[in-house]
Amino acid sequence: MKPEEIRKLEAYLKRNFNKDMIVKARPRKDESAEVYLADEFLGVIFRDDEDGELSYNFSMAILDIDL
C-alpha cells in the first residue's frame, strides 16, 4: 500500500476505534498492511481492488489463550 493510503486507514481506525491504533507497511507486501494497538499486533488489512471497486478487509485472529 502507498504511504498516503496507510495514513488514511490509520486516521479512520483512530477516529472510529482507538486513538492508539497504528498501521504499518509490510515488507515485500504491496497489497496489505499491519495493524497495531500501541505495540500489540492486532491483524492485517488487505486491499481489495476488484471490478473497479476499492475496499479494505481487516483480518484478526483471536487465540483461545487470549480469552
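1. Let's start with the charge pairs: the count comes to four salt bridges, taking a bridge as a Lys or Arg side-chain nitrogen within 4 Å of an Asp or Glu carboxyl oxygen. Keep in mind while reading that this is a predicted model.

2. Lys8 and Glu4 pair through their side chains, with N to O at 3.4 Å. Both sit in α1, four residues apart, or about one turn of the helix. Lys8 counts as exposed because its relative accessible area is 56%, and exposed means over 50%. Glu4, at 47%, is partly exposed.

3. Next, a pair of sequence neighbours: the side chains of Lys19 and Asp20 meet in a salt bridge at 3.6 Å, N to O. Lys19 is exposed at 63% relative accessibility, whereas Asp20 is partly exposed at 38%.

4. Shared partners then tie Glu5, Arg47 and Asp49 into one network. Asp49 is partly exposed, with 48% relative accessible area, and Arg47 is also partly exposed, at 32%.

5. Now for the inside. Which residues make up the largest nonpolar core? There are ten: Met1, Ile6, Leu9, Leu13, Met21, Val23, Ala33, Val35, Leu42 and Ile45. The elements giving two or more residues to this core are α1 (3–16), β1 (21–26), β2 and β3. Of these, α1 gives the most, with three residues.

6. Phe58, Met60, Ile62 and Leu67 form it, and together they have about 470 Å² of accessible area. Take Ile62: this residue sits in the segment after β4 (53–59). Ile62 counts as exposed because its relative accessibility is 60%, with the cut-off for exposed being over 50%.

7. Last, the acidic side of things. Asp39, Glu40, Asp64 and Asp66 form a negative surface patch. Where is Asp39? Asp39 lies in the loop between β2 (29–37) and β3 (40–50). At 72% relative accessibility, Asp39 counts as exposed.

Terms used:
Residues numbered from 1 in each chain as written. Predicted model: local features only at pLDDT ≥ 70, side-chain atom pairs only at ≥ 80, totals over all residues. Heavy atoms only, no water. Patch = residues over 30% accessible without salt bridge, like charges linked within 9 Å, V, L, I, M, F, W, Y side chains within 5 Å. Areas by Shrake-Rupley, 256 points an atom, 1.4 Å probe, with all protein chains shown as cover. Buried < 20%, exposed > 50% of the residue type's maximum accessible area, 1.4 Å probe, protein only. Lys, Arg positive; Asp, Glu negative; His and termini not counted. Charge placed at Lys NZ, Arg CZ, Asp CG, Glu CD. Core = buried A, V, L, I, M, F, W, Y, C linked by side-chain atoms within 4.5 Å.
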